[in-house]
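Please open the model in your viewer and keep the selection tool at hand.

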Amino acid sequence: SSTNNTLMIENNGIFTFREKGGYLINYFFMAYHTQQSYYNHMTMHLSWNQGSNYDAMFHAYASFPNANSGYSNTHELTGNGCVFLSIPSVHGSGSGERRIKFSMHCQNSGNGTYGTTNDNYTGFVISKITDYTHTPS
């Protein structure tokens, strides 16, 4: 296992796993706007083939459908997701084939997500739980 931030490599918002194992991934967002937005979701995408293709693996949702019903300020909602991901070694080549990325989708295109240099309102935490995985058959 690793304790010095070498579990993943980041390149343009794409995160590559450097080690096989079992990972618990918690991700979260805060959406805001003054108008209604029926769907706001953050999706975690997974690639099993070095980024050639991605599958939407999990979604975190939040909704504020009646933003103007007697309330005139900015609405804020949070969404979060949690998933366990097994990164096996493939034919002895390690885990570099496995990559994740995140995307945000909102009904109201004026929506934003919070984040500052001092506070984490939108982001993710990855914890390596185990070194052992099942090899795909």
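How many bridges join strand 1 (residues 8–11) to strand 2, and do they run parallel or antiparallel? Select both strands: 4 bridges join them, and they run antiparallel. Strands here are DSSP runs (E, at least two residues), numbered from the N terminus, and two strands pair if DSSP finds at least two bridges between them.

This is a predicted model, in which local features need pLDDT of at least 70 and side-chain atom pairs count only at pLDDT 80 or more, while totals for chains, interfaces and linings use all residues. Residues are numbered from 1 along each chain as its sequence is written, and side-chain values use heavy atoms, with hydrogens and water left out.

**The hairpin**

Stay with strand 1 and strand 2. Methionine 8 has phenylalanine 17 in strand 2 as its bridge partner, and isoleucine 9 stands opposite threonine 16. Next, select asparagine 12: the hairpin has 2 residues between the strands, and asparagine 12 takes a positive phi near 55°.

**The rings**

Now show the aromatic side chains. Rings of Phe, Tyr and Trp (its six-membered ring) pair if their centres lie within 6.5 Å; planes under 30 degrees apart count as stacked, over 60 as edge-to-face and the rest as tilted. By this rule there are 5 aromatic pairs.

Select phenylalanine 15 and phenylalanine 124, an edge-to-face pair with 4.9 Å centre to centre and 80° between the planes. Phenylalanine 15 lies in strand 2 (residues 14–17) and phenylalanine 124 in strand 9 (residues 123–130), 109 residues apart. Phenylalanine 15 is buried, at 16% relative accessible area, whereas phenylalanine 124 is partly exposed at 28% (buried is under 20%, exposed over 50%, partly exposed in between, with a 1.4 Å probe and protein chains only).

Then select tyrosine 27 and phenylalanine 58. Their ring centres are 6.3 Å apart and their planes are at 85°, so this pair is edge-to-face. Tyrosine 27 is in strand 3 (residues 21–33) and phenylalanine 58 in strand 5 (residues 55–64), so the pair ties together parts 31 residues apart in sequence. Tyrosine 27 is buried at 0%; phenylalanine 58 is partly exposed at 29%.
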